[in-house]
Amino acid sequence: MTESLFAQTVATATGLLMLTAVLQVWRRSTDASTRLLAVQGAALALLVGAIGLAEGHAELVAVAVVVFALKGVLLPWVLARTIARSGIHREDSSAVNPVSGLLAAAGLATLAYAVSRPLVALDAGPAAHAVPAGLTLVLVGFLVLLTRHRAVSQVIGFLVIDNGIATVAFLTAGGVPLVVELGVLLDVVLVVLILRILSARLELAHGELDLHDLRELHD
Amino acid sequence: MTLTDVGLLSQPVLAGLAFIAALAVNDSRRSAIAGTLNALLGLATAATGVGALLGEPGSLTFATGIPGIAHLGQLALAPDRLGGIFLVVVGVVGALSAWFGVGYAHGATATRAAWAAYPIFLWGMSIVPAAGDAVTFLLGWELMALGSTVLLHSEHATRPQVRSAVLWYAAMTHLSFVLLLAGFAVLIASANGTTWEALAASPPTGVSASLAFVLLAGGFATKAGLVPVHVWLPRAHPEAPSHVSAAMSAAMVKLGIYGLLLVTLRLLPDGPRWWAIGLLVLGGVSAVYGILEASVTSDLKRLLAFSTTENLGLMVTGLAVAMMLRSTGQRAVADVALVAVVLLVISHAAFKTVLFLGAGSILHATGERDLDRLGGLARRMPRTAFATSIGALAAAALPISSGFVAEWVLLQSLVHGDTRGPTADRVIAIALPITVAVVALTAGLALLTFVKVVGIAFLARGRSPEATNAHENPASMTVPMWVGAGLVLGLGLVPGWVAMVAAAAVGASGIEPAGLAGVALPSVNALLDPVSLVLMSLAVAVPIAVITVRAARKAPRRTVDLPWGCGGVRVDPTMQYTATSYAEPLVRIFDDALRPTRDLDVTHTVESDYLVREVAYRQRMVDQVERGLYEPVIRLLWRIGDQARRLQDGSVHRYLGFSFAALVVVLLVVTW
């Protein structure tokens, strides 16, 4: 892989990550959110694969394949099935309107770039320049968690945060150790499965998947 | 291996065995097996103390940390002579209480949790005086608090007061721990290491020394139950099972005194004058307030709890006087005061064990601890009555008991302190006479209080069916009381060697044995030989008694009816003094300090308003310190708690928002 191709691939992947994250804030349709998540997972896999090829680590390429299988295919598929079963295709109880959501996402992206300046300064390579994108993903994921009320949207926000953490990890450390990364991936799968069961139960109990119904649980 | 080594090593083994036995043995035999193992643990602790007192070196160290990864340092147990005294006290009291528990514990007090907590409590108490460094000390302190809290909690299902007592106790014991933690942190900051040697080698100076002293004294005073941090005592002692009350009151609170001795003798020996004045005020107020509350309460165990505050107050008074005298160079008299403190510790441990076990025995037989509903137990429970009376003798500081010897030595130091000579100054000239007055008032009130206990509970006639139908308890409960009573009399009659040991423990000189195992204080030119005194008194009293009896035999016997029987009923239980009516004059005298609430309901007969059918009188004592000092604080905490509830409304999004806001704020601060 040549230097310029590597740089362009990394730029494309990070651009896709940012774009899908910001679109998550904008779109209200849960089906669209799931598709965006699949694209984001694929972009992350592309990023990991590019780093693996550039640095010649075979196991990173393997991780890229696993990441694509899990984050690009399996998790979005599980979510899509949940949505199909529950029949809720729109997030209509968001706390902020799309415009303010986009403005907040822009503010958070600015904050992420400001915070990660010292990290970027450490290394002149294209990978380091993509670190703020990972941080943006974490913050935007948090924003999704905070503003959406449907259980499915919560899972999506959580996965965006996880993608952000993985991005930063791959870009700064050249990839976390394989065992740790696989462990984290397994955790994420388990969490999503548990959330899926929980949302199914929630729906059985309340007939809806709105987290506001959980308010009664406080003491 | 020395005796100390063997003792230190056998304690964790026995504690572990007792813990396992409590969990593994079934209900029918748990009390017997776990109680016996705990008694053995107590004896091992006492043996360790004897070893330490004999000056045999011994230590036990545990390495802490995760093997192969992190080494956090060593926990060291290495008791010195001062610790040895307290080890013996803890061990003997713990053994007697556990032994009593074999017969006493039943139902909720003999559950797995209760018996499993006992060895934790006991071992924690034995770690504290044996600890060689601050970390081990605090670890033992917390084990002790943990075990005692679980034990105190045992009867929570049947009595709601227990829950409130547990909350008070837990809050106050945490306060004590936090103060100690902060105090030791100040000491450690200026020293190189956490061992007592390292802390004593480079003590802090100036303001940090005073800060450390105030924090540590506050923490130890809370555990010792001194006014105004005594509030947990009159709640926890009555509500705990009686054998636990005995261990808490006779052994655990003493560790507060051990801590104060440790701080003032070893860690921060040369403090400014106001430290001693502060302790003197604390001790004096505790002594008077404690015995005043004790004298007017009619709940037997609450009374004993307040009497504990009084005795601990006297100990702190003695310590403060010793510090004061030392700072003016009167070391010989100061040594006498220090010996008095140790004697008070030993004496109080002995008699308070007997008294609480006696209260437990009464509670077990009658289900009552309200003196107003007891009476006539001397005939129904003679063995309990005899042992408890000997305990009461010591609590009232009367001759031939240990209490008398201890208070005698304390008063010797007070009256022989130089208030006018070249070494005296204005503070001592004022403080010593006032202290004498305080001790005298305390002794007088203590006499009244324990005359009330013995007179109302054991003499006269039963005031309730429970009291008139009481039966003596089995030997497993009465024998530990007798052993305790024997210790009280032994210390009272042959105090010589105990005083020598006490002097060695605090490094005091000028104590010598005298006469038949008596004690002499050459530095203040005083001598006490109880055995000779008893023989002399008998030589005078026996002839008088013989002559009186013989003279009385000659006169014919007359029967006199009581005038207020109106010729009808000769004696009725309702005609007797009750505990409340006996204390009525005191309540009147100290009305402003005690502020009791009284209800008087007079029911008239239907036929005429001039004829009274029934009079109901109720008097309730509320601790004034608690009302004035704690209730406002508690109300404030409630208000803050209610405000804080608004932050936590159960919305998941709000909680997420908190963490998100925190993250963004941190990032902003970092970027700045």
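Tutor: Buried area is the accessible area, taken with a 1.4 Å probe, that two parts lose on being put together, summed over both. In this predicted model, domain 1 of chain B and domain 2 of chain B bury about 3,600 Å² between them, and carbon and sulfur atoms give 79% of that area. Domain 1 spans 1-271 and domain 2 spans 282-551 of chain B, and their C-alpha centres lie 24 Å apart. At the interface, 43 residues of domain 1 of chain B are in contact with 47 residues of domain 2 of chain B. On the domain 1 side, B:Leu96, B:Phe100 and B:Val227 lose the most area to domain 2 of chain B, together 17% of what that side buries.

One salt bridge is found between the two domains. The side chains of B:Arg369 and B:Glu239 form a salt bridge, with an N to O distance of 3.3 Å.

As for secondary structure, the side of domain 1 of chain B that touches domain 2 of chain B draws at least two residues from each of several helices, including H3 (81-104), H8 (206-224) and H9 (233-239) of chain B. H3(B) provides the largest share of that side, 13 residues. By class, this side of domain 1 of chain B has 28 nonpolar, 11 polar and four charged residues.

Notes: Residues numbered from 1 in each chain as written. Chains lettered and ligands numbered in written order. Predicted model: local features only at pLDDT ≥ 70, side-chain atom pairs only at ≥ 80, totals over all residues. Heavy atoms only, no water. Domains from an automatic or database assignment. Contact = heavy atoms within 4.5 Å. Salt bridge = Lys/Arg side-chain N within 4 Å of Asp/Glu carboxyl O. Helix = DSSP H or I, 4+ residues; strand = E, 2+ residues; numbered from the N terminus. Nonpolar A, V, L, I, M, F, W, Y, C, P; charged D, E, K, R; others polar.
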